[in-house]
Amino acid sequence: MIRITEDIAIEDWEVTEHFVRSSGPGGQNVNKVATAVELRFEAERSPHLPDPVKRRLRRLAGRRWTADGAVLIRVEDTRSQARNREIARDRLAALIRKATETPKRRVPTRVPHGQKRKRLAAKKKRGQTKALRGPVEGED
């Protein structure tokens, strides 16, 4: 069981781990030992995640979200299979924890009049500078 928050915990049946050969460091060992881990969390089917959290998780996961609604995390950072497994579980927990945070609603504000005046004055000054660059009249 992976504990995310006090309310949310993921059961072991929702997470599958598949060990594959890593492309990272390991010398001759890299061709023999499957140290990289591919962790798959069935997020869409999870009864422990509320729907708003699932929607935010889908947006946060990006390319790691599969077509059938699972989150796929691949870790091959270390030579140790156990450490890679631990890192993958930590990354999944961090991703779900971030999805549980409700984003603050943006309150639209108006541009202050002083700022508008300042911007228009700068535009006017720039336009005058460019107007002076034209051909000189009256000296032909």
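The exercises below, each with a worked solution, walk through a predicted model of one protein chain.

Residues are numbered from 1 along each chain as its sequence is written. Because the model is predicted, local features need a pLDDT of at least 70 and side-chain atom pairs count only at pLDDT 80 or more, while totals for chains, interfaces and linings use all residues, and side-chain values rest on heavy atoms, with hydrogens and water left out.

**Exercise 1. Confidence**

Find the mean pLDDT of the chain, and say where confidence is lowest and where it is highest.

Solution. Start from the term itself: pLDDT is the predictor's confidence in each residue, on a scale from 0 to 100. The chain averages 86, and 94% of the residues score at least 70. Next, go through the helices (DSSP runs of H or I, at least four residues) and the strands (DSSP runs of E, at least two), both numbered from the N terminus. Confidence is lowest in strand β1, residues 2-3, at a mean of 76, and highest in helix α3, residues 113-131, at 96.

**Exercise 2. The largest nonpolar core**

Determine which residues of the largest nonpolar core touch the most other members, and which element gives the largest share.

Solution. A nonpolar core is a set of buried Ala, Val, Leu, Ile, Met, Phe, Trp, Tyr and Cys residues joined through side-chain atoms within 4.5 Å. Buried means under 20% relative accessible area, exposed means over 50%, and partly exposed lies in between, with a 1.4 Å probe and protein chains only. The largest core has 24 residues, of which I10, F41, L57, V71, L92 and I96 touch the most other members. Two or more residues come from each of β4 (36-41), α1 (51-61), β5 (71-75) and α2 (81-100), and α2 gives the largest share, seven residues. As background, nonpolar side chains tend to be buried together in soluble globular proteins.

Now take F41 as an example, where contact means heavy atoms within 4.5 Å. Not counting residues up to four places away in sequence, F41 touches I10, E14, V15, S46, L49, L57, G69, A70, V71, L92 and I96.

**Exercise 3. Strand pairing**

Work out in which sense β4 pairs with β3 and with β5.

Solution. Two strands pair if DSSP finds at least two bridges between them. β3 and β4 pair in the antiparallel sense over six bridges, and here the bridge partner of V15 is F41 in β4. β4 and β5 also pair in the antiparallel sense, over five bridges, with V75 in β5 as the bridge partner of V37.

**Exercise 4. Helix α2**

Check the span of α2, and list its buried residues and the elements they pack against.

Solution. The expected span of a helix is 1.5 Å times one less than its number of residues. The 20 residues of α2 should therefore span 28 Å, and its end C-alpha atoms are 29 Å apart, which agrees. The buried residues are N84, I87, A88, L92, A93, L95, I96 and A99, and the buried residues of α2 pack against β1, β2, β3, β4, α1 and β5. At the N-terminal end, S80 caps α2, with a side-chain oxygen 3.4 Å from the backbone nitrogen of A82.

**Exercise 5. N84 and T78**

Decide whether N84 and T78 are buried or partly exposed, and find the polar contact that joins their side chains.

Solution. N84 lies in helix α2 and counts as buried because its relative accessibility is 0%. T78 is found in the loop between β5 and α2, and T78 is partly exposed, with a relative accessible area of 27%. A polar contact is a pair of N or O atoms within 3.5 Å; within protein, one must be able to donate a hydrogen and the other to accept it, and residues adjacent in sequence count only if both atoms are side-chain atoms. The side chains of N84 and T78 are joined by such a contact of 2.9 Å. A polar atom of the T78 side chain also lies 3.2 Å from the backbone oxygen of S80.

**Exercise 6. Two loop residues**

Locate I4 and S46, and say whether each is buried or exposed.

Solution. I4 sits in the loop between β1 and β2 and is buried, at 6% relative accessible area. Leaving aside residues up to four places away in sequence, I4 touches A9, I10, A93, I96 and R97. S46 belongs to the loop between β4 and α1 and counts as buried at 2% relative accessibility. A polar atom of the S46 side chain lies 3.3 Å from the backbone nitrogen of H48.
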